[in-house]
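Work each one out before reading its solution.

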Amino acid sequence: MLDADFFHRWMIAAAGLVDRDAEHLTELDSAIGDADHGSNLRRGFAAVSAALAKEPPQTPGAVLSLAGRQLISTVGGASGPLYGTLLRRTGKALGGAPAVSRADLARALGEGVAAVSQLGGAQAGDKTMLDALLPAVDALGTSFAAGRDAARAGAEATVPLRARKGRASYLGERSVGHQDPGATSAALLIAALADTAETAGGEA
Ligand code: ADP
Ligand code: MG
């Protein structure tokens, strides 16, 4: 079972991957956006790490809710409210349980992803973070590693797509041929989850 400590370590691992890849994320956003995605997320996940260190929440749901609130208040742009909603809604779906299974998490993340789609109006194939998150949720039913692979493949599959939501959609056809920055960062979030599960020693 996955406890609050596991979720805490997931968020720290996500902060580490975002920090490592921030320049790459910003480069991707400079091609089809406004070159701020890496710096936005780096600021947000640094705030998440600081908030979790200050007062570590006692349940998985509370860890994700706190992280989501921090992202909403510090990231800005389109991705702040969307990632914030993802984590808050996933946390809410986990409720007050002291520990949850991988299947519980996959279900809850499915609710979080649905909330992102509702908030931003995007669907699969619109060249957004959803193109990594939707396949990841499905694959997490199988294993954490399958989730990581599906998210990465989903992010890579945004290259030939034309953006239909967000700032990149203003480019129309010119958005084709570039990987979506938000799908790329979403794949990092899922990679951090799988890394954490592997460090924890086995599947939940
Ligand atoms: P901004 O576009 O405001 O500068 P960011 O650069 O931080 O915000 O984030 C851009 C990413 O946000 C995009 O690559 C895309 O994945 C995601 N995004 C933008 N709009 C939407 C939306 N309506 N639904 C889902 N994801 C979106
Ligand atoms: Mg941007």
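This is a predicted model: local features need pLDDT of at least 70, side-chain atom pairs count only at pLDDT 80 or more; totals for chains, interfaces and linings use all residues.

Residues are numbered from 1 along each chain as its sequence is written, chains are lettered from A and ligands numbered from 1 in the order in which they are written, and side-chain values use heavy atoms, with hydrogens and water left out.

**Exercise 1.** Find which residues coordinate the magnesium ion (ligand 2).

*Solution.* Start by looking for donors (N, O and S atoms within 2.8 Å of the metal, or 3.2 Å for Na, K and Ca; water is not among the atoms, so sites may look incomplete). Asp-29, Asp-34 and Asp-36 each coordinate through OD, at 2.0 to 2.3 Å. Next, read their spacing in sequence: D-x4-D-x1-D. Finally, check burial (buried is under 20% relative accessible area, exposed over 50%, partly exposed in between; 1.4 Å probe, protein chains only). Asp-29 is buried at 8%, while Asp-34 is partly exposed at 33%.

**Exercise 2.** Find which residue Asp-34 meets in a salt bridge.

*Solution.* Apply the rule first: a side-chain nitrogen of Lys or Arg within 4 Å of a carboxyl oxygen of Asp or Glu. The partner of Asp-34 is Arg-167, at 3.1 Å, N to O. Arg-167 lies in the loop between helix H7 and helix H8 and Asp-34 in the loop between helix H1 and helix H2, so the pair ties together parts 133 residues apart in sequence. Helices here are DSSP runs (H or I, at least four residues), numbered from the N terminus. Arg-167 is partly exposed, at 48%.

Terms used
Helices (H or I, at least four residues) and strands (E, at least two) are DSSP runs, numbered from the N terminus.
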